[in-house]
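Welcome! Open the structure in your viewer, get your selection tool ready, and follow along.

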Amino acid sequence: MATYIVGDLHGCFAEFQLLLKQANFDPSQDELWLTGDLVARGEDSLACLLFVKDLGERATVVLGNHDLHLLATLQGIKSVKPKDRVDTIFTAEDRDDLQNWLRTRPLLVEHPNHGFLLAHAGISPEWDLATAKACAAEVQAVLSSPNFTELLAQMYGSEPSRWSPDLQGIERYRYIINAFTRMRFCYADKRLDFACKLPVEQAPSELKAWFELDNPLYQQKDILFGHWASLIGYPTPNRIYALDTGCVWGNHLTMLRWEDKKIFTQPRLNQNLD
């Protein structure tokens with residue numbers, strides 16, 4: 001049995017299937033862990049959702065920001081962006097089942113045997129492991145409840161940028177969602193920044209990648225994440241694995257086999273990019 005971890009799919013279903021074939025992935029024996037953002041921008045978001053859902057317990061996926069945005073559009077909270085190319089999800093016969101499956105996915109998971117942590121964007125530099133797990137569970141409980149639409153409607157926004165255990169209600173949930181699904185850069189005092197879209201090497205000196213800040217957790221646990229395609233080629237610290245390599249933007253899809261740390265890559269097939 002092997003454990004495979006794959007970066008953001010973004011609807012790139014054909015590349016995803018070729019990558020699994022390349023690695024001889026066997027769903028009867030192997031595990032597949034996914035960094036989130038299954039949907040949006042690629043050719044076949046619906047196929048990605050259906051395939052991962054149908055793997056059942058053999059697949060573990062965390063929610064990404066595009067997955068959450070899809071849920072908000074399915075509820076009519078936000079308008080669908082044509083460039084997201086998700087129309088087939090809206091007309092799918094099993095739309096409701098897919099939505100209910102997606103909204104109950106976690107924000108953070110820990111592998112029961114290997115011990116690595118998986119989150120879409122990363123883990124806040126202000127959290128220890130217990131806090132990160134508790135925060136993820138709080139939001140997952142709300143998204144899994146009948147009142148999930150209230151959270152989806154209020155999750156947008158970049159404040160608060162600082163964590164405090166005293167945060168309550170939507171401000172608390174918004175920080176948690178942003179840290180797990182949108183975080184890239186932070187200030188030295190660990191405030192989150194969402195304005196900078198530059199590569200790390202070109203970012204203002206006052207900003208650092210979240211994983212370059214001081215947090216003992218980053219040295220204690222292996223942390224795998226996606227979300228940040230411009231990290232391609234950037235030397236992340238030991239125990240930090242960046243797996244989004246921008247397939248949907250014309251680069252390639254990446255998958256890691258945990259047992260021997262072998263990397264599998266599949267280049268983008270369709271270069272007809274928006």
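This tour visits salt bridges, one stop at a time.

Before you start, note that this is a predicted model, in which local features need pLDDT of at least 70 and side-chain atom pairs count only at pLDDT 80 or more, while totals for chains, interfaces and linings use all residues. Residues are numbered from 1 along each chain as its sequence is written, and side-chain values use heavy atoms, with hydrogens and water left out.

How many salt bridges are there? With a salt bridge taken as a side-chain nitrogen of Lys or Arg within 4 Å of a carboxyl oxygen of Asp or Glu, the count is ten.

**First stop.** Select Asp84 and Arg41, whose side chains form a salt bridge at 2.6 Å, N to O. Asp84 sits in the loop between helix H3 (65–74) and helix H4 (87–90), and Arg41 in the loop between strand S2 (31–34) and helix H2 (45–54), 43 residues apart. Helices (H or I, at least four residues) and strands (E, at least two) are DSSP runs, numbered from the N terminus. Are these two buried or exposed? Asp84 is buried at 5% relative accessible area, and Arg41 is buried at 17%; buried means under 20%, exposed over 50%, and partly exposed in between (1.4 Å probe, protein chains only).

**Next stop.** Now pick Lys133 and Glu110, a salt bridge at 2.5 Å, N to O. Lys133 belongs to helix H6 (residues 129–143) and Glu110 to strand S4 (residues 108–110), so the pair ties together parts 23 residues apart in sequence. Lys133 is partly exposed at 37%, as is Glu110 at 29%.

**Last stop.** Select Arg257 and Asp260, which meet in a salt bridge at 2.8 Å, N to O. Arg257 is buried at 19%, whereas Asp260 is partly exposed at 45%.
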